[in-house]
Amino acid sequence: MTRALVNVPKTAKRGEIIEIRAMIQHVMETGYREGPNGVTLPRNIIKRFVCKYGAQEIFSAELFPAIAANPYMAFSTVATETGTLTFEWTDDKGETQSASAEITVT
Amino acid sequence: MKISRPSLEEAIDSFTGGASVREGRVKFEISPLVENGNAVPVSVEVESPMTAADHVKRIALFNERNPQADVVVFHLGPRSGRARVSTRIRLAASQTVVALAETSDGAFWSARAKVIVTLAACIEDISQQ
């Protein structure tokens with residue numbers, strides 16, 4: 001099971017800018033390395049990341065092999081309402097991992 | 001075998017669609033000397049009010065000497081509140097790294113950083129062979 005870690009403040013004041021940090025366990029195999037038998041290891045990277053606040057997409061990223069293994073991203077958003085933030089990572093194999101966090105906005 | 005990759009400037013042109021890029025407004029935080037090219041922390045902050053009328057739409061990173069010029073493209077909007085992103089990147093050699101920001105008025109802003117890498121990311125630099 002792949003581990004995904006997200007860090008979202010539990011509570012925030014309405015209108016406050018909050019920082020969100022997200023990391024997922026992934027090899028991010030570049031496709032430029034050779035294995036022990038001299039055969040190039042096939043590329044397998046997380047290529048897309050999306051963060052939604054409620055139903056609305058607030059942040060996304062397209063990743064390339066130059067992103068380090070276990071991709072880490074930090075970004076910010078305005079706390080608008082109490083709700084759920086969902087995070088989704090998609091890799092070259094089409095596998096999707098997700099995580100979520102609740103926030104209470106006062 | 002030689003891998004052909006677009007030059008740094010070609011990669012930037014394909015991101016901007018050939019639009020002119022101005023220096024400024026982008027604050028690029030990356031260490032000038034890194035020991036381990038496998039995971040280099042970077043932060044990019046763009047001066048912007050981040051309102052519906054005036055905000056940063058995209059922030060992208062490009063490199064000069066990795067096998068591929070693209071690093072990452074972040075999509076932001078007025079709901080970001082602040083145009084600041086952080087991540088960790090791979091650098092296969094000492095080189096120049098460029099941060100670009102596209103604002104909602106269609107302008108492009110950039111900042112460049114030269115980084116010396118003592119231990120390169122573990123990707124064979126095939127272009128040197």
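This is a predicted model: local features need pLDDT of at least 70, side-chain atom pairs count only at pLDDT 80 or more; totals for chains, interfaces and linings use all residues.

User: Where is B:Phe62 found?

Analyst: B:Phe62 lies in strand E5 of chain B, which covers residues 56-63.

User: Is B:Phe62 buried or exposed?

Analyst: B:Phe62 has 2% relative accessibility, so it counts as buried, the cut-off being under 20%.

User: And what does B:Phe62 touch?

Analyst: Not counting residues up to four places away in sequence, its contacts include B:Leu8, B:Phe15, B:Val71, B:Val98 and B:Leu100.

User: Now the largest nonpolar core. Which residues touch the most other members?

Analyst: That core has 57 residues, and the ones touching the most other members are A:Phe49, A:Phe59, A:Phe87, B:Phe28 and B:Ile89. Strand E9 of chain B, residues 108-119, gives the most to this core, with five residues.

User: Which residues does the second, separate core include?

Analyst: The second core has 12 residues, among them B:Leu8, B:Phe62, B:Leu100 and B:Phe108.

User: Back to A:Phe59. What is it in contact with?

Analyst: Leaving aside neighbours within four places in sequence, A:Phe59 contacts residues including A:Phe49, A:Met73 and A:Phe75, and also B:Phe74, B:Leu76 and B:Val85.

User: Buried or exposed, then, for B:Ser80?

Analyst: B:Ser80 counts as buried because its relative accessibility is 1%. Beyond four places in sequence, B:Ser80 is in contact with B:Met50 and with A:Ile17, A:Ile58, A:Ser76, A:Thr77 and A:Val78.

Terms used: Residues are numbered from 1 along each chain as its sequence is written. Chains are lettered from A and ligands numbered from 1 in the order in which they are written. Side-chain values use heavy atoms; hydrogens and water are left out. Buried means under 20% relative accessible area, exposed over 50%, partly exposed in between (1.4 Å probe, protein chains only). Contact means heavy atoms within 4.5 Å. Helices (H or I, at least four residues) and strands (E, at least two) are DSSP runs, numbered from the N terminus. A nonpolar core is a set of buried Ala, Val, Leu, Ile, Met, Phe, Trp, Tyr and Cys residues joined through side-chain atoms within 4.5 Å.
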